[in-house]
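Thanks for making the time this morning.

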Amino acid sequence: IAGIFKADLDSFSQEAEEGLCKVQGPALLLAHLRGAVTSLLANAGFGTYILPLINIHEVAKNSLEGVAIEDT
């Protein structure tokens, strides 16, 4: 699942921009991914499997610290 988010970056501080890109965006997409996987597996006849919750804040803190956000 991919998401495209657009905002006027001049109105955001660097800290707010990093929070949106590293934490909030992935958290929004993860909710949709969990539902899509559950539906796909159930409709394919594999029964229901619910992906576990992931603490996006901890993942971002541990794995994305020091990663710079680049403007494209």
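At what angle do helix α1 and helix α2 pack, and how far apart are their axes? Before I answer, please keep in mind that what you see is a predicted model. In that model, helix α1, which covers residues 14-43, packs against helix α2, residues 56-63, at an angle of about 135 degrees, and the two axes lie 9 Å apart. Since angles over 145 degrees would count as roughly antiparallel and those from 65 to 115 as roughly perpendicular, α1 and α2 are therefore oblique to each other. As for handedness, α1 passes α2 in a right-handed crossing.

Which residues meet there? From α1 we have Lys 22, Val 23, Gln 24, Pro 26, Ala 27 and Leu 30, and on the side of α2 they meet Ile 56, His 57 and Ala 60.

Is Lys 22 buried or exposed? Its relative accessibility is 13%, and because buried means under 20%, Lys 22 counts as buried. If we set aside neighbours within four places in sequence, Lys 22 is in contact with Ile 56, Ala 60, Leu 64, Val 67 and Ile 69.

Now to the loop between α1 and α2, where Tyr 49 lies. With 46% relative accessibility, Tyr 49 counts as partly exposed. Not counting residues up to four places away in sequence, Tyr 49 touches Thr 38 and Leu 41, while its C-alpha atom is separated by 8.0 Å from that of Val 37, 12 residues away along the chain.

Finally, some totals for the protein. It has two helices and zero strands, and buried residues make up 11% of its 72 residues. The accessible surface comes to about 5,800 Å², of which 59% belongs to carbon and sulfur atoms. Among contacts between residues at least 6 apart in sequence, 59% join residues at least 24 apart.

That is where I will stop, and I am happy to go back to any of these points.

Conventions
Residues are numbered from 1 along each chain as its sequence is written. This is a predicted model: local features need pLDDT of at least 70, side-chain atom pairs count only at pLDDT 80 or more; totals for chains, interfaces and linings use all residues. Side-chain values use heavy atoms; hydrogens and water are left out. Axes are lines fitted to C-alpha atoms, for helices over the stretch in contact, and angles run from 0 to 180 degrees between N-to-C directions. Helices (H or I, at least four residues) and strands (E, at least two) are DSSP runs, numbered from the N terminus. Angles under 35 degrees count as roughly parallel, over 145 as roughly antiparallel, 65 to 115 as roughly perpendicular and the rest as oblique. A crossing is left-handed if the near helix is turned anticlockwise from the far one by less than a right angle, and right-handed if clockwise. Contact means heavy atoms within 4.5 Å. Buried means under 20% relative accessible area, exposed over 50%, partly exposed in between (1.4 Å probe, protein chains only). Accessible areas come from the Shrake-Rupley method with a 1.4 Å probe; for residues, only the protein chains shown count as cover.
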